Amino acid sequence: MKTHFIAIGGSAMHNLAIALKDKGYQVTGSDDAIFEPSKSRLEKKGILPPEMGWFPEKITSDIDAVILGMHAHQDNPELARAKELGLKIYSYPEFLYEQSKNKTRVVIAGSHGKTTITSMVLHVLNFHQKDVDFMVGAQLEGFDCMVKLTPDNDFMVLEGDEYLSSPIDLRSKFLLYQPNIALLSGIAWDHINVFKTFDDYIEQFRKFVASITPGGVLVYNEEDPEVVKVVDNAENYFRKLPYKTPEYEISNGRVLLKTEIGDIPLSIFGAHNLLNLEGARHICQQLGIMDEDFYEAIMSFKGASKRLEKVEREDKGTLYKDFAHAPSKVKAAVKAFNEQFKKEKKHGFLELHTYSSLNPAFLEQYDHAMDGLDEAVVFYSEDALKIKRMEPISPELIKEKFKNDHLKVFTNAEELHAYWNVLDKTQGVFLMMSSGNFGGLDLTK
């Protein structure tokens with residue numbers, strides 16, 4: 001099968017391209033910019049475009065599938081040529097469904113926790129050498145690629161994202177998967193550049209639950225009132241399996257999970273991660289993994305990439321980085337940090353980087369998000385606001401919306417770096433929360 005990727009360099013797109021190459025497909029692609037690690041990984045597989053840009057002449061009538069990434073625009077010249085030739089054009093999730101339509105599809109959805117839960121499920125299955133197809137949004141220890149597609153596996157585990165499918169398909173990605181088994185971890189307003197009201201956002205999850213195949217299974221977080229409302233109001237038929245935070249304690253800096261077979265030591269921490277773990281356990285039960293086998297495997301799970309991930313520093317200081325940027329994720333990460341490191345001085349740094357987090361109307365969602373930290377810092381780039389054509393934000397507004405008068409606010413990367421460089425990283429513990437990189441800050445030094 002001959003496939004062509006428009007915007008092949010994206011984190012999701014390049015992994016799918018690699019998976020198809022491994023499956024034996026003929027893969028080509030284009031992009032106007034490709035960064036690491038995508039560039040090296042595509043080059044290693046021999047599918048890195050020889051030059052950057054869009055080339056309509058690459059689109060030929062013998063291509064079986066054109067896969068369109070979100071990075072491309074509606075007026076992309078390669079897309080126009082594909083339409084002109086009448087080629088089949090897929091969004092990323094649409095193509096994944098096409099590859100898994102004859103398999104049992106397991107879809108993990110929610111505003112937060114979906115990457116971690118999917119990673120936990122895959123870790124357990126991999127530990128017990130149970131082979132499945134999958135797509136996950138983070139690099140996992142023990143896995144070469146974030147996407148795996150085979151002709152033989154019976155199951156496909158998919159991380160279900162509520163963001164848009166492609167520039168020409170404005171449906172939420174997870175609405176294309178039609179899950180046989182689904183999980184809903186939580187609902188907290190996000191992506192306000194697309195979903196203008198909270199109800200618009202919730203509507204995507206109502207549709208997701210409605211897309212579960214008849215007689216399917218939904219594992220859901222019964223501690224989230226918005227999730228419970230969506231599940232209770234669903235009109236389609238499926239089996240409902242609620243889950244909640246399990247009992248645990250922290251002893252000598254180690255989290256111990258309380259179970260019927262005794263205390264299970266874990267390598268992760270935070271109540272939200274224990275809640276994620278419980279959701280993963282329920283999913284694994286549906287895939288034939290007994291609880292004892294689940295606990296045996298989960299002890300060695302160190303977390304998904306950039307989710308409370310410990311950074312190895314040259315000075316041996318204690319620093320964790322987290323992809324947290326949405327309010328619910330920031331609050332969960334800070335709460336976990338405060339609980340885990342009660343006696344140490346706690347430094348928390350947050351970069352406001354996305355369209356939603358830089359929108360003044362959305363900032364109030366961050367109220368008290370940094371509470372409990374001994375030192376709290378928020379950074380956003382005034383230059384980034386200009387690039388995104390957004391209105392200026394004052395540091396005073398940030399403090400007001402966070403409801404934290406002691407907040408330190410930086411709007412210039414150089415000033416932030418100067419402040420960072422004088423801190424003694426061996427004193428206390430550090431939590432760095434961003435979907436960016438704090439203006440190029442090296443967290444290992």
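The following questions and answers explain how terms are applied to this predicted model.

The model is predicted, so local features need pLDDT of at least 70 and side-chain atom pairs count only at pLDDT 80 or more, while totals for chains, interfaces and linings use all residues. Residues are numbered from 1 along each chain as its sequence is written, and side-chain values use heavy atoms, with hydrogens and water left out.

Q: Which domains does the assignment give, and how far apart are the centres of domain 1 and domain 3?
A: The bounds come from an automatic or database domain assignment. That assignment gives domain 1 (2–87), domain 2 (95–299) and domain 3 (309–440). Taken over C-alpha atoms, the centres of domain 1 and domain 3 are separated by 35 Å.

Q: Why is Ala 7 called buried?
A: A residue is buried under 20% relative accessible area, exposed over 50%, and partly exposed in between (1.4 Å probe, protein chains only). Ala 7 has a relative accessible area of 2%, so Ala 7 is buried. Ala 7 lies in the loop between strand S1 (2–6) and helix H1 (11–22), and has a positive phi of about 80 degrees although it is not a glycine. Over the chain, 54% of the 445 residues count as buried.

Q: Is His 191 buried or exposed, and what is its phi?
A: The relative accessibility of His 191 is 17%, and therefore His 191 counts as buried. His 191 is not a glycine, yet its phi is positive, at about 55 degrees. Its place is in the loop between strand S11 (181–184) and helix H6 (198–210).

Q: Why does Asn 252 count as exposed?
A: Its relative accessibility is 82%, so Asn 252 counts as exposed. Asn 252 is found in the loop between strand S14 (248–251) and strand S15 (254–259).

Q: Why is Ile 168 called partly exposed?
A: With a relative accessible area of 39%, Ile 168 is neither buried nor exposed and is therefore partly exposed. Ile 168 lies in the loop between strand S9 (164–166) and strand S10 (169–172).

Q: What does Ile 168 touch, not counting residues up to four places away in sequence?
A: Contact means heavy atoms within 4.5 Å. On that basis Ile 168 touches Leu 68, Gln 74, Leu 79, Lys 83 and Ile 89. Ile 168 and Gly 69 are 99 residues apart in sequence and 9.9 Å apart in space, C-alpha to C-alpha.

Q: How do you know that Glu 278 counts as buried, and where is it found?
A: Glu 278 has 10% relative accessibility, so it counts as buried. Glu 278 is found in helix H8 (residues 271–286). Leaving aside its neighbours within four places in sequence, Glu 278 is in contact with Tyr 243, Lys 244 and Pro 246.

Q: Is Leu 140 buried or exposed, and with what is it in contact?
A: Leu 140 has a relative accessible area of 9%, so Leu 140 is buried. Beyond its neighbours within four places in sequence, Leu 140 is in contact with Ser 119 and Leu 122. Leu 140 is found in the loop between strand S6 (133–135) and strand S7 (147–148).

Q: What joins Glu 36 and Pro 37?
A: A cis peptide bond joins Glu 36 and Pro 37, with omega about 5 degrees. Pro 37 is found in the loop between strand S2 (26–30) and helix H2 (38–44).

Methods: Helices (H or I, at least four residues) and strands (E, at least two) are DSSP runs, numbered from the N terminus.
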